[in-house]
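Good morning, and thank you for the time on the agenda. I would ask you to look at the structure on the screen before I take you through its parts.

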Amino acid sequence: MFVVIQRSAATPGAGLLSVTGPPLVTRQLQWLRGSGFEKVAIDIGADAHGEELRSLVAQQEALARNVVFVPTDSLFPPGVIADSAGFPAHAPFLVLPDTVVGNADLAAFYRRAPDRGVRVGRLTPPPAVEPFAPAEVHLVTAATGPVETEDLPGWGTHLETPGAALRLACKALLGRLPQPEGTSRLLIHAAERAPGVWVARGALLQRGAEVYPPVLIGPQALVCGGARIGPGALIGARAIIERGATLVNAVVEEETVVGEGLEVRDAIATPDGLASLDGTGPVLPLGDPRLLARRRLLSRAALRLLGLSR
């Protein structure tokens with residue numbers, strides 16, 4: 001089975017959006033592998049976003065198997081991408097927009113396509129009013145031929161902004177995404193310490209921290225006693241949330257130190273400043289490294305001495 005992950009001009013770098021930790025492109029590949037797709041063509045731009053996407057996928061050997069990257073300077077039709085990737089000339093293939101993630105049964109397209117003489121199916125979920133709307137696949141028989149639409153079991157959604165990804169993550173952390181029989185769940189790479197509170201390997205949640213689900217604390221991150229996190233807090237790998245800091249409906253990028261007393265609400269905390277969840281506008285620098293900074297990584301031995309690692 002073959003699939004093209006097609007990029008759009010409106011959402012450059014969409015595949016890099018964090019979806020409860022892993023980037024969107026990783027979530028898409030997990031979905032496709034679980035549905036039995038053996039060859040994937042990823043349409044990437046000939047720019048920094050494209051190279052970062054290629055690098056992220058290459059680091060995941062199992063998911064990167066039989067993935068072909070097709071760099072382009074402009075947007076091409078999916079048929080051109082499929083031909084460039086070496087797909088067989090008349091084999092049916094699915095088109096997955098680079099903003100779409102879900103758990104719908106994608107293999108259903110292949111079970112029906114041969115009997116209908118269908119070459120291309122495009123997955124087009126409704127707009128992300130709620131991130132669990134039914135996925136829809138348009139089966140296109142020819143450029144000018146009839147279009148059939150059918151609902152697949154499961155959910156699917158467009159993720160075009162960090163805010164949309166955060167809303168989806170909150171549903172997943174609370175166990176509120178639908179999971180019809182035969183569909184997969186969104187895998188969370190962490191352990192659920194309490195309902196809606198997920199702590200990844202190597203992370204430390206100190207006693208005295210206030211936690212309001214849904215919350216995800218990433219690998220080797222530290223939340224100090226006296227911090228308040230949640231509801232709606234995603235803390236990236238190796239981040240530090242200091243005493244007195246507050247996170248509400250917020251994302252903290254990896255290796256970011258959120259200083260004492262800083263409140264991050266409806267925003268993204270980066271080492272360089274605060275950014276908007278709607279993906280617009282530049283990062284707003286705070287100009288004070290005591291409030292936001294990049295974590296200086298210590299050796300594992302030093303962390304053990306400080307009681308920050310096991």
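Predicted model: local features only at pLDDT ≥ 70, side-chain atom pairs only at ≥ 80, totals over all residues.

Helix H1 (24-34) is mostly covered, with 8 of its 11 residues buried. Buried here means under 20% relative accessible area, exposed means over 50%, and partly exposed is in between, with a 1.4 Å probe and protein chains only. Helices (H or I, at least four residues) and strands (E, at least two) are DSSP runs numbered from the N terminus. The buried residues of H1 are Leu 24, Val 25, Thr 26, Arg 27, Gln 28, Leu 29, Trp 31 and Leu 32. After H1 comes Gly 36, which has a positive phi near 95°.

Residues are numbered from 1 along each chain as its sequence is written, and side-chain values use heavy atoms, with hydrogens and water left out.

In overall terms, the protein has 7 helices and 23 strands. Of its 310 residues, 49% count as buried. Among contacts (heavy atoms within 4.5 Å) with a separation of 6 or more, 48% are between residues 24 or more positions apart.

Pro 22 sits in the loop between strand E1 (2-6) and H1. Is this proline buried or exposed? Pro 22 counts as buried, at 14% relative accessibility. Leaving aside neighbours within four places in sequence, Pro 22 is in contact with Leu 17, Arg 27 and His 189.

Let me turn to the interior. A nonpolar core is a set of buried Ala, Val, Leu, Ile, Met, Phe, Trp, Tyr and Cys residues joined through side-chain atoms within 4.5 Å. The largest such core has 42 residues, and Ile 42 and Leu 123 have the most contacts inside it. Helix H5 (residues 107-116) gives the most to this core, with 5 residues. On a 1 Å grid over the protein atoms alone, a pocket is an open set of points where a 1.4 Å probe fits, with protein on both sides within 12 Å along at least five of seven lines; lining residues have an atom within 4 Å of a point. Of the 49 lining residues, Leu 16, Leu 17, Ser 18, Gly 21 and Glu 253 are the closest to the centre of the pocket. Helix H2 (48-58), helix H6 (162-173) and strand E19 (246-252) are among the elements that each supply at least two lining residues. By class, the lining has 24 nonpolar, 18 polar and 7 charged residues. Ala, Val, Leu, Ile, Met, Phe, Trp, Tyr, Cys and Pro count as nonpolar, Asp, Glu, Lys and Arg as charged, and the others, Gly among them, as polar.

I come now to the charged pairs. The structure holds 7 salt bridges, a salt bridge being a side-chain nitrogen of Lys or Arg within 4 Å of a carboxyl oxygen of Asp or Glu. Which residues are linked in a network of salt bridges? They are Arg 238, Glu 254, Glu 255 and Arg 294. Glu 254 and Arg 238 meet through their side chains at 3.7 Å, N to O. This pair links distant parts of the chain, 16 residues apart, with Glu 254 in the loop between E19 and strand E20 (256-258) and Arg 238 in the loop between E17 and strand E18 (240-241). Glu 255 and Arg 294 also form a salt bridge, at 3.7 Å, N to O. Glu 255 lies in the loop between E19 and E20 and Arg 294 in strand E23 (residues 292-294), so this pair ties together parts that are 39 residues apart in sequence. Glu 255 is buried, with a relative accessible area of 16%, whereas Arg 294 is partly exposed at 48%.

Finally, some points on the backbone. Arg 238 has a positive phi of about 65° although it is not a glycine. The peptide bond from Pro 213 to Pro 214 is cis, with omega near 5°, and a cis peptide bond also joins Gly 230 and Pro 231, with omega about 0°.
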